[in-house]
Amino acid sequence: MFRELIDMKLLNSNVKALCVGEGSALAVSELRRLGFTNAIGVKQHLFSFLTRKSLIRELDLDGLDCNSFDFVFSRAPSRVSVPALFVIEIERILKSGGIGAIVLEMTTSNPGSLIKTVTPISSFLKSSDVIHVSSVDSFSVVIFKKKQDTVNPFEHYQLPDECASIKNNKPLIEHLEPLVEKKPLGSEGNFSYLPKFLDVSSRKRFIYIDIGPGQFVNSKVTSRFFNSYPMDARDFNIYVVDHDTTVLTSYVNKPGITFVYHPGLAGNKIAEVTEEVDDFFPYLSDEGFDFLVWFKSIVTDGDFVVLKMNAAGVELKFLHELFETGAICLVDELFLHCPESADTKDGAPGDCVDMFEGLRSSGVFVHQWRDK
(Lines give C-alpha, C1' and ligand atoms only; values in the text may rest on other atoms or scores of the structure.)
Protein backbone atom coordinates (compact mmCIF):
# COMPACT_ATOMS: atom_id res chain seq x y z
CA MET A 1 0.00 0.00 0.00
CA PHE A 2 2.82 2.42 0.87
CA ARG A 3 4.54 1.70 -2.43
CA GLU A 4 1.28 2.31 -4.28
CA LEU A 5 0.92 5.72 -2.64
CA ILE A 6 4.50 6.57 -3.56
CA ASP A 7 3.89 5.54 -7.20
CA MET A 8 0.74 7.70 -7.23
CA LYS A 9 2.83 10.70 -6.06
CA LEU A 10 0.70 10.97 -2.93
CA LEU A 11 3.53 10.13 -0.56
CA ASN A 12 7.26 10.74 -0.36
CA SER A 13 9.91 9.83 2.18
CA ASN A 14 10.41 13.41 3.40
CA VAL A 15 7.06 13.58 5.16
CA LYS A 16 6.29 13.45 8.86
CA ALA A 17 4.30 10.22 9.28
CA LEU A 18 2.24 8.76 12.12
CA CYS A 19 0.95 5.17 12.39
CA VAL A 20 -1.74 4.51 14.97
CA GLY A 21 -3.58 1.49 16.28
CA GLU A 22 -3.12 -2.21 15.62
CA GLY A 23 0.05 -3.08 13.68
CA SER A 24 1.52 0.41 14.06
CA ALA A 25 4.99 -0.90 14.96
CA LEU A 26 5.09 -3.04 11.82
CA ALA A 27 3.84 -0.14 9.71
CA VAL A 28 6.53 2.19 11.10
CA SER A 29 9.18 -0.46 10.44
CA GLU A 30 8.05 -0.77 6.82
CA LEU A 31 7.98 3.00 6.31
CA ARG A 32 11.49 3.33 7.68
CA ARG A 33 12.67 0.51 5.44
CA LEU A 34 11.33 2.56 2.53
CA GLY A 35 13.35 5.59 3.65
CA PHE A 36 10.82 7.42 5.86
CA THR A 37 13.12 8.61 8.64
CA ASN A 38 10.45 10.77 10.31
CA ALA A 39 7.86 8.08 11.07
CA ILE A 40 6.50 7.28 14.52
CA GLY A 41 3.86 4.91 15.89
CA VAL A 42 1.25 4.83 18.64
CA LYS A 43 0.06 1.52 20.09
CA GLN A 44 -3.52 0.28 20.02
CA HIS A 45 -4.15 0.42 23.77
CA LEU A 46 -3.79 4.19 23.80
CA PHE A 47 -7.02 4.40 21.82
CA SER A 48 -9.12 1.93 23.81
CA PHE A 49 -11.09 4.68 25.49
CA LEU A 50 -10.61 7.51 23.07
CA THR A 51 -11.36 11.11 23.91
CA ARG A 52 -10.02 14.21 22.26
CA LYS A 53 -7.97 15.27 25.28
CA SER A 54 -6.43 11.85 25.83
CA LEU A 55 -5.39 11.60 22.18
CA ILE A 56 -3.64 14.94 22.30
CA ARG A 57 -1.96 14.01 25.58
CA GLU A 58 -0.85 10.54 24.50
CA LEU A 59 0.55 11.82 21.21
CA ASP A 60 2.42 14.53 23.12
CA LEU A 61 0.87 17.24 20.95
CA ASP A 62 0.29 19.72 23.77
CA GLY A 63 1.28 23.19 22.61
CA LEU A 64 1.68 22.13 18.98
CA ASP A 65 -0.50 23.05 16.05
CA CYS A 66 -3.20 20.46 15.40
CA ASN A 67 -2.00 20.21 11.78
CA SER A 68 1.08 18.18 12.72
CA PHE A 69 1.47 15.26 10.28
CA ASP A 70 1.79 14.94 6.51
CA PHE A 71 0.66 11.29 6.55
CA VAL A 72 -1.39 9.29 9.05
CA PHE A 73 -1.96 5.54 8.70
CA SER A 74 -4.37 3.44 10.75
CA ARG A 75 -5.89 -0.01 10.79
CA ALA A 76 -9.26 -1.25 12.05
CA PRO A 77 -10.79 1.92 13.58
CA SER A 78 -13.93 -0.14 14.31
CA ARG A 79 -12.04 -1.71 17.22
CA VAL A 80 -11.89 1.53 19.17
CA SER A 81 -14.76 2.72 21.34
CA VAL A 82 -15.76 5.70 19.17
CA PRO A 83 -14.82 5.09 15.49
CA ALA A 84 -16.23 8.42 14.28
CA LEU A 85 -14.17 10.41 16.78
CA PHE A 86 -11.13 8.34 15.91
CA VAL A 87 -11.41 9.30 12.21
CA ILE A 88 -12.11 12.94 13.07
CA GLU A 89 -9.00 13.08 15.25
CA ILE A 90 -6.86 11.56 12.52
CA GLU A 91 -8.18 14.24 10.17
CA ARG A 92 -7.55 16.98 12.73
CA ILE A 93 -3.88 16.16 13.23
CA LEU A 94 -3.25 15.98 9.47
CA LYS A 95 -1.66 19.02 7.90
CA SER A 96 -3.55 20.92 5.24
CA GLY A 97 -3.13 18.84 2.06
CA GLY A 98 -2.01 15.82 4.11
CA ILE A 99 -2.87 12.22 3.29
CA GLY A 100 -4.75 9.79 5.53
CA ALA A 101 -4.89 6.02 4.92
CA ILE A 102 -7.26 3.70 6.77
CA VAL A 103 -7.32 -0.08 6.33
CA LEU A 104 -10.68 -1.78 6.93
CA GLU A 105 -11.78 -5.39 7.04
CA MET A 106 -14.26 -6.47 4.34
CA THR A 107 -16.99 -8.90 5.35
CA THR A 108 -17.40 -10.31 1.81
CA SER A 109 -15.42 -10.26 -1.41
CA ASN A 110 -18.14 -8.88 -3.70
CA PRO A 111 -17.65 -5.40 -5.27
CA GLY A 112 -20.47 -3.89 -3.23
CA SER A 113 -18.63 -4.71 -0.03
CA LEU A 114 -15.80 -2.35 -0.99
CA ILE A 115 -18.23 0.55 -1.38
CA LYS A 116 -19.99 -0.39 1.83
CA THR A 117 -16.78 -0.20 3.87
CA VAL A 118 -15.89 3.23 2.45
CA THR A 119 -19.20 4.93 3.24
CA PRO A 120 -18.76 5.26 7.04
CA ILE A 121 -15.27 6.75 6.67
CA SER A 122 -16.51 9.23 4.08
CA SER A 123 -19.38 10.28 6.34
CA PHE A 124 -17.05 10.86 9.31
CA LEU A 125 -14.67 13.16 7.40
CA LYS A 126 -15.33 16.88 7.89
CA SER A 127 -12.63 18.62 5.86
CA SER A 128 -11.21 15.89 3.60
CA ASP A 129 -12.08 14.12 0.36
CA VAL A 130 -11.74 10.41 -0.36
CA ILE A 131 -9.38 10.26 -3.36
CA HIS A 132 -8.66 6.54 -3.75
CA VAL A 133 -10.07 3.17 -2.68
CA SER A 134 -8.54 -0.24 -3.30
CA SER A 135 -8.71 -3.79 -1.96
CA VAL A 136 -5.88 -5.96 -0.67
CA ASP A 137 -6.83 -9.55 0.11
CA SER A 138 -9.70 -9.30 2.60
CA PHE A 139 -9.07 -5.63 3.37
CA SER A 140 -10.08 -2.33 1.79
CA VAL A 141 -7.85 0.75 1.84
CA VAL A 142 -9.43 4.20 1.98
CA ILE A 143 -7.16 7.12 1.04
CA PHE A 144 -8.30 10.67 1.78
CA LYS A 145 -6.72 14.09 1.44
CA LYS A 146 -7.30 16.97 3.80
CA LYS A 147 -8.48 20.08 2.01
CA GLN A 148 -6.14 23.05 1.75
CA ASP A 149 -6.72 25.58 4.50
CA THR A 150 -8.31 28.61 2.90
CA VAL A 151 -8.79 30.71 6.03
CA ASN A 152 -6.71 33.81 6.57
CA PRO A 153 -3.47 32.45 8.14
CA PHE A 154 -2.76 35.85 9.69
CA GLU A 155 -6.11 36.59 11.28
CA HIS A 156 -5.26 35.01 14.65
CA TYR A 157 -2.46 37.51 15.31
CA GLN A 158 -3.49 40.27 17.71
CA LEU A 159 -2.11 43.50 16.30
CA PRO A 160 -1.79 46.62 18.49
CA ASP A 161 -4.85 48.87 18.64
CA GLU A 162 -2.85 51.72 17.18
CA CYS A 163 -1.34 49.89 14.21
CA ALA A 164 -0.38 52.83 12.02
CA SER A 165 -0.12 51.21 8.61
CA ILE A 166 -3.29 49.13 9.03
CA LYS A 167 -5.21 52.15 10.34
CA ASN A 168 -4.07 54.32 7.41
CA ASN A 169 -4.41 51.72 4.67
CA LYS A 170 -7.55 49.75 5.47
CA PRO A 171 -9.87 52.41 3.96
CA LEU A 172 -7.71 52.36 0.81
CA ILE A 173 -7.77 48.59 0.20
CA GLU A 174 -10.69 49.02 -2.21
CA HIS A 175 -8.39 50.91 -4.58
CA LEU A 176 -6.01 47.95 -4.99
CA GLU A 177 -5.79 46.18 -8.33
CA PRO A 178 -7.77 42.91 -8.56
CA LEU A 179 -6.02 39.65 -7.69
CA VAL A 180 -5.20 37.28 -10.54
CA GLU A 181 -4.92 33.55 -9.80
CA LYS A 182 -3.08 32.20 -12.85
CA LYS A 183 -0.82 35.00 -14.02
CA PRO A 184 0.13 37.65 -11.47
CA LEU A 185 0.44 41.22 -12.67
CA GLY A 186 3.72 42.31 -14.19
CA SER A 187 6.28 44.48 -12.48
CA GLU A 188 5.54 47.72 -14.31
CA GLY A 189 2.60 50.04 -14.69
CA ASN A 190 -0.21 47.82 -13.44
CA PHE A 191 -0.26 48.59 -9.74
CA SER A 192 -2.38 50.93 -7.66
CA TYR A 193 0.59 52.25 -5.73
CA LEU A 194 -0.07 53.52 -2.23
CA PRO A 195 1.42 57.06 -2.68
CA LYS A 196 -1.29 57.70 -5.30
CA PHE A 197 -3.89 57.60 -2.51
CA LEU A 198 -1.94 58.51 0.62
CA ASP A 199 -0.02 61.71 1.38
CA VAL A 200 3.42 60.58 2.55
CA SER A 201 5.19 63.95 2.33
CA SER A 202 5.43 64.28 6.11
CA ARG A 203 7.24 60.96 6.65
CA LYS A 204 10.69 61.12 8.23
CA ARG A 205 12.42 58.70 5.87
CA PHE A 206 11.55 56.52 2.88
CA ILE A 207 12.79 52.92 3.04
CA TYR A 208 12.64 50.22 0.36
CA ILE A 209 13.62 46.64 1.32
CA ASP A 210 14.00 43.90 -1.29
CA ILE A 211 14.44 40.44 0.24
CA GLY A 212 15.91 37.63 -1.84
CA PRO A 213 16.04 38.99 -5.41
CA GLY A 214 18.37 36.01 -5.89
CA GLN A 215 18.22 35.46 -9.62
CA PHE A 216 19.29 39.02 -10.37
CA VAL A 217 22.98 39.88 -10.69
CA ASN A 218 22.73 43.62 -11.29
CA SER A 219 20.92 46.70 -10.02
CA LYS A 220 18.26 46.64 -12.75
CA VAL A 221 15.84 45.00 -10.31
CA THR A 222 15.78 48.22 -8.28
CA SER A 223 15.72 50.63 -11.19
CA ARG A 224 12.93 48.66 -12.88
CA PHE A 225 10.78 48.86 -9.75
CA PHE A 226 11.18 52.62 -9.51
CA ASN A 227 10.54 53.10 -13.22
CA SER A 228 6.83 52.80 -12.47
CA TYR A 229 6.73 53.70 -8.78
CA PRO A 230 5.36 57.25 -8.28
CA MET A 231 8.40 58.33 -6.23
CA ASP A 232 12.04 58.81 -7.11
CA ALA A 233 14.47 56.07 -6.05
CA ARG A 234 16.83 58.79 -4.82
CA ASP A 235 14.33 59.61 -2.09
CA PHE A 236 14.67 56.10 -0.63
CA ASN A 237 17.17 54.32 1.56
CA ILE A 238 17.35 51.00 -0.31
CA TYR A 239 18.27 47.68 1.30
CA VAL A 240 18.82 44.48 -0.68
CA VAL A 241 18.81 41.33 1.50
CA ASP A 242 20.19 38.20 -0.14
CA HIS A 243 22.53 35.22 0.15
CA ASP A 244 23.88 35.67 -3.39
CA THR A 245 27.13 37.57 -2.94
CA THR A 246 27.50 38.03 -6.71
CA VAL A 247 24.78 40.66 -6.34
CA LEU A 248 27.15 42.60 -4.10
CA THR A 249 29.18 43.99 -6.99
CA SER A 250 26.03 45.60 -8.39
CA TYR A 251 24.95 47.24 -5.14
CA VAL A 252 27.92 47.94 -2.91
CA ASN A 253 29.04 51.11 -4.69
CA LYS A 254 25.58 52.48 -5.45
CA PRO A 255 24.72 55.55 -3.37
CA GLY A 256 21.70 55.01 -1.15
CA ILE A 257 21.77 51.20 -1.59
CA THR A 258 22.91 48.80 1.13
CA PHE A 259 23.48 45.09 0.54
CA VAL A 260 22.60 42.91 3.54
CA TYR A 261 23.98 39.37 3.53
CA HIS A 262 21.62 36.67 4.81
CA PRO A 263 22.95 33.10 4.24
CA GLY A 264 19.64 31.54 5.38
CA LEU A 265 17.97 32.63 2.13
CA ALA A 266 20.09 30.05 0.30
CA GLY A 267 17.72 27.31 1.51
CA ASN A 268 19.27 23.92 0.83
CA LYS A 269 22.03 25.49 -1.26
CA ILE A 270 25.36 26.35 0.30
CA ALA A 271 25.99 30.09 0.47
CA GLU A 272 29.71 30.52 -0.14
CA VAL A 273 31.38 33.66 1.13
CA THR A 274 34.83 34.64 -0.06
CA GLU A 275 37.28 36.32 2.28
CA GLU A 276 36.88 39.61 0.41
CA VAL A 277 33.09 39.53 0.65
CA ASP A 278 33.19 38.56 4.31
CA ASP A 279 34.96 41.87 5.03
CA PHE A 280 31.76 43.70 4.09
CA PHE A 281 29.73 41.86 6.75
CA PRO A 282 31.66 42.03 10.02
CA TYR A 283 28.35 42.04 11.95
CA LEU A 284 27.37 38.56 10.72
CA SER A 285 27.68 36.22 13.73
CA ASP A 286 28.00 32.45 13.91
CA GLU A 287 24.38 32.33 15.08
CA GLY A 288 23.29 33.64 11.67
CA PHE A 289 21.15 36.56 10.62
CA ASP A 290 18.10 37.57 12.65
CA PHE A 291 15.79 39.32 10.19
CA LEU A 292 13.46 40.75 12.83
CA VAL A 293 16.28 42.27 14.90
CA TRP A 294 17.78 43.80 11.77
CA PHE A 295 14.40 45.12 10.55
CA LYS A 296 13.64 46.83 13.86
CA SER A 297 17.12 48.41 13.88
CA ILE A 298 16.47 49.94 10.45
CA VAL A 299 12.81 50.98 10.59
CA THR A 300 11.21 53.37 13.09
CA ASP A 301 7.81 54.98 13.59
CA GLY A 302 7.20 57.74 11.07
CA ASP A 303 9.10 56.07 8.21
CA PHE A 304 7.41 55.16 4.95
CA VAL A 305 8.35 51.51 4.32
CA VAL A 306 7.98 49.48 1.14
CA LEU A 307 8.81 45.77 1.45
CA LYS A 308 9.20 43.31 -1.44
CA MET A 309 9.72 39.60 -0.81
CA ASN A 310 8.75 36.06 -1.82
CA ALA A 311 5.65 34.43 -0.34
CA ALA A 312 7.40 31.13 0.37
CA GLY A 313 10.08 29.41 2.44
CA VAL A 314 12.24 31.49 4.77
CA GLU A 315 10.68 34.74 3.61
CA LEU A 316 7.17 33.57 4.45
CA LYS A 317 8.50 32.89 7.95
CA PHE A 318 9.67 36.53 8.03
CA LEU A 319 6.14 37.64 7.20
CA HIS A 320 4.69 35.61 10.07
CA GLU A 321 7.32 37.09 12.40
CA LEU A 322 6.26 40.59 11.37
CA PHE A 323 2.67 39.76 12.32
CA GLU A 324 3.56 37.87 15.48
CA THR A 325 5.55 40.80 16.89
CA GLY A 326 3.34 43.57 15.48
CA ALA A 327 6.22 44.86 13.33
CA ILE A 328 3.90 44.60 10.30
CA CYS A 329 2.51 47.92 11.58
CA LEU A 330 5.74 49.53 10.35
CA VAL A 331 5.25 48.25 6.77
CA ASP A 332 3.17 50.58 4.60
CA GLU A 333 3.21 48.79 1.25
CA LEU A 334 3.97 45.12 0.58
CA PHE A 335 4.86 43.37 -2.68
CA LEU A 336 4.74 39.56 -2.58
CA HIS A 337 6.09 37.25 -5.25
CA CYS A 338 4.03 34.05 -5.21
CA PRO A 339 5.51 30.68 -6.29
CA GLU A 340 4.33 29.83 -9.80
CA SER A 341 4.85 26.10 -9.29
CA ALA A 342 2.32 23.92 -7.50
CA ASP A 343 4.88 22.85 -4.90
CA THR A 344 2.72 21.75 -1.99
CA LYS A 345 5.48 22.63 0.43
CA ASP A 346 5.40 26.30 -0.49
CA GLY A 347 1.84 26.51 -1.72
CA ALA A 348 0.09 26.38 -5.09
CA PRO A 349 -0.83 29.64 -6.87
CA GLY A 350 -4.45 29.30 -5.78
CA ASP A 351 -3.37 29.04 -2.15
CA CYS A 352 -1.36 32.23 -2.54
CA VAL A 353 -4.43 34.09 -3.79
CA ASP A 354 -6.19 33.03 -0.59
CA MET A 355 -3.24 34.43 1.36
CA PHE A 356 -3.39 37.74 -0.54
CA GLU A 357 -7.11 38.00 0.17
CA GLY A 358 -6.48 37.28 3.85
CA LEU A 359 -3.75 39.94 4.06
CA ARG A 360 -5.94 42.52 2.37
CA SER A 361 -8.87 41.73 4.63
CA SER A 362 -6.50 42.33 7.57
CA GLY A 363 -5.74 45.80 6.18
CA VAL A 364 -2.35 45.10 4.56
CA PHE A 365 -1.81 47.07 1.33
CA VAL A 366 -0.34 44.14 -0.62
CA HIS A 367 0.32 43.58 -4.33
CA GLN A 368 1.04 40.47 -6.39
CA TRP A 369 4.49 40.77 -7.91
CA ARG A 370 6.03 38.94 -10.84
CA ASP A 371 9.58 39.68 -11.97
CA LYS A 372 9.94 39.54 -15.73
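## Basis

Residue numbers start from 1 along each chain as its sequence is written, and the model is predicted, with local features needing pLDDT of at least 70, side-chain atom pairs counting only at pLDDT 80 or more, and totals for chains, interfaces and linings using all residues. Side-chain values rest on heavy atoms, with hydrogens and water left out.

## Disulfide and cysteines

A disulfide here is a pair of cysteine sulfur atoms within 2.5 Å, and the count by this rule is one. The bond joins Cys163 and Cys329, whose sulfur atoms are 2.0 Å apart. The disulfide is left-handed because the torsion about its S-S bond is about -110 degrees. Cys163 lies in the loop between β6 (139–146) and α6 (164–169), and Cys329 in the loop between α11 (313–325) and β11 (333–337), so the pair ties together parts that are 166 residues apart in sequence. Helices (H or I, at least four residues) and strands (E, at least two) are DSSP runs, numbered from the N terminus.

Both Cys163 and Cys329 are buried. Buried means under 20% relative accessible area, exposed over 50%, and partly exposed in between (1.4 Å probe, protein chains only). Cys19 is also buried, at a relative accessible area of 0%.

## Helices α10 and α11

Two packed helices are described by the angle between their axes and the distance between the axes. For α10 (residues 291–298) and α11, the angle is about 60 degrees and the axes are 10 Å apart. That makes α10 oblique to α11. Axes are lines fitted to C-alpha atoms, for helices over the stretch in contact, and angles run from 0 to 180 degrees between N-to-C directions. Angles under 35 degrees count as roughly parallel, over 145 as roughly antiparallel, 65 to 115 as roughly perpendicular, and the rest as oblique.

On the α10 side, Phe291, Leu292, Phe295 and Lys296 meet Phe318, Glu321, Leu322 and Thr325 of α11. The residues of this contact divide into five nonpolar (Ala, Val, Leu, Ile, Met, Phe, Trp, Tyr, Cys and Pro), one polar (the others, Gly among them) and two charged (Asp, Glu, Lys and Arg). Contact means heavy atoms within 4.5 Å.

Phe225 is in helix α7 (residues 220–228) and is buried, with 0% relative accessibility. Leaving out residues up to four places away in sequence, Phe225 touches Tyr208, Val306, Phe335 and Trp369.

Lys9 is in the loop between α1 (2–7) and β1 (17–21) and is exposed, with a relative accessible area of 74%. Most residues other than glycine have a negative phi. Lys9 is not a glycine, yet its phi is positive, at about 65 degrees.
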